[in-house]
Each structure stands twice: as structure tokens, then as C-alpha cells.
Amino acid sequence: MSVDLVGFLGVVLLAYVVPGPDFLVVLRSATEHPTKGRAAALGAQSGLCVHMLAAAVGLSVVAARSPVIYDAIRLGGAGYLVYLGVRAVLAARRTARPRGAQRQGITPVATEGGGSGSRWRSGFRQGLLTNVLNPKAALFFLSVLPQFVHGGGSPARQIFLLGILDVLIGVAYWFGLVAVAARLRALLARPTIRHRWELTTGWLFIAVGVGVAVAA
């Protein structure tokens with residue numbers, strides 16, 4: 001196999017460093033709980049595997065050449081991001097209510113968070129859907145990866161191996177982000193900061209979703 005590994009690694013690392021929908025999902029999930037953050041990371045990378053397999057069997061080519069299919073995926077992804085943003089904004093409103101109750105001398109009733117199983121399922125689902133419904137991830141395997149494949153072997157095999165390397169690099173990167181973001185949990189335990197964090201990430205999700213929807 002003959003591939004430009006140095007150039008490929010540079011492009012992949014740049015793609016991960018530049019914030020996008022996956023970054024938002026993993027970061028927000030990690031600040032809720034490290035388990036959910038790791039699950040979201042694995043979900044996002046599983047989504048990349050879906051795009052990689054679709055490219056291998058030609059489904060991504062069909063989607064890229066069909067405006068209807070491409071737009072359906074794009075709008076579905078945009079709608080899901082807006083949905084996550086609305087949920088975050090509503091969560092921010094809920095965190096504001098206990099503070100108001102405390103100011104009035106009312107003791108709020110504590111709510112029990114979900115177990116590790118529910119956190120894992122929720123994080124994995126959010127990461128998977130965010131990535132699978134991102135047509136740019138599919139186009140990466142169609143337009144970017146082939147640029148680093150050279151003669152002397154099966155192009156499909158080389159693209160597959162580069163895709164696996166991309167997924168493994170992403171797992172390491174996301175797990176590092178989760179470890180860093182988990183340190184913010186103590187800070188976010190403060191109701192005021194948590195409220196602002198939920199609002200900020202919620203509106204960011206909505207903004208990104210709207211941007212994806214209107215993108216040509």
C-alpha cells in the first residue's frame with residue numbers, strides 16, 4: 001500500500017481540531033458525565049464507520065450525486081441539531097427554577113439522574129445520529145480520502161484502511177477531550193454557571209443546525 005500518511009494525518013487532525021457538530025455533542029455530553037461523553041465519542045466514530053462502509057459499497061456516491069437524497073440527509077441532521085439545542089435551552093430553564101424557589105424560601109425537590117446504562121445509550125445515540133446525519137462526513141470519504149491514495153494496490157482497500165486510521169485517531173482525540181471536559185463538572189455544578197452553560201450550548205446547537213439547513 002502506498003499512501004501519503006503525513007498529509008493524511010495532517011488533514012485528519014485539522015478536521016478534528018476545528019469544532020463541529022461532533023465536537024459540541026461530545027463536549028456537552030462529557031460535562032454531564034464522563035461515561036456519556038465517551039459513549040458520544042464512540043457513537044460519533046461509529047457514524048464514521050457507517051459512512052466508510054457506505055462509500056465502500058457506493059451508497060455515498062449515490063447520495064452525493066442525488067440532490068434530493070443529499071438534502072434529505074442534510075436537513076435531517078440540521079433538524080436533529082436544532083432538537084438537541086432546544087432540549088438544552090429547556091434544560092437551562094429548568095435549572096433556573098430551583099434558584100427562583102430558593103430565593104422565595106422554597107426547598108426544591110432533588111431529581112435523580114439516569115443510571116450509567118441510560119447515560120451510555122443517550123450519549124451513543126446522540127453521537128451516532130449527529131455523525132450519520134452529517135453529509136459532509138460522507139463526502140470526506142468520497143473526496144478527501146482518495147487524494148491520499150496512490151497506485152500499487154486496491155484503492156478501495158487503501159481507503160478502507162485510511163478510514164479505520166481516521167476512526168482510531170478520532171477515538172483517541174475524543175477521549176482526550178472527555179478527560180479535559182470532565183474537569184469542568186465541578187465548575188458546572190454551580191447552578192448559575194450550569195444555567196449559562198446550558199443556554200450557550202443550546203443556542204450553539206441551534207445556530208449550527210440552522211447553518212447546516214441553509215448551507216448550499
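## Threonine 201

At 4% relative accessibility, threonine 201 counts as buried in this predicted model, because the value falls under the 20% limit for that class. Threonine 201 belongs to helix 10, which covers residues 191-214.

When neighbours within four places in sequence are set aside, the contacts of threonine 201 are with Arg28 and Ala88.

## A nonpolar surface patch

On the surface, a nonpolar patch is formed by Leu53, Phe160, Leu161, Ile164 and Leu168. Together these residues have about 420 Å² of accessible area. Helix 8, spanning residues 155-182, supplies the largest share of the patch, with four residues.

One of the patch members is Leu161, which lies in helix 8. Leucine 161 has a relative accessibility of 34% and therefore counts as partly exposed, since that class lies between the 20% and 50% limits. Threonine 201, by its 4% relative accessibility, is assigned to the buried class.

## Overall architecture

The protein chain contains 10 helices and zero strands. Along the sequence, its pattern reads α-α-α-α-α-α-α-α-α-α. Helix 8, at residues 155-182, and helix 10, at residues 191-214, are among these elements.

## Burial, contacts and surface

The protein chain has 216 residues, of which 41% count as buried. Considering contacts between residues at least 6 apart in sequence, 86% join residues at least 24 apart.

Notes. Residues numbered from 1 in each chain as written. Predicted model: local features only at pLDDT ≥ 70, side-chain atom pairs only at ≥ 80, totals over all residues. Heavy atoms only, no water. Helix = DSSP H or I, 4+ residues; strand = E, 2+ residues; numbered from the N terminus. Buried < 20%, exposed > 50% of the residue type's maximum accessible area, 1.4 Å probe, protein only. Contact = heavy atoms within 4.5 Å. Patch = residues over 30% accessible without salt bridge, like charges linked within 9 Å, V, L, I, M, F, W, Y side chains within 5 Å. Areas by Shrake-Rupley, 256 points an atom, 1.4 Å probe, with all protein chains shown as cover. Salt bridge = Lys/Arg side-chain N within 4 Å of Asp/Glu carboxyl O.
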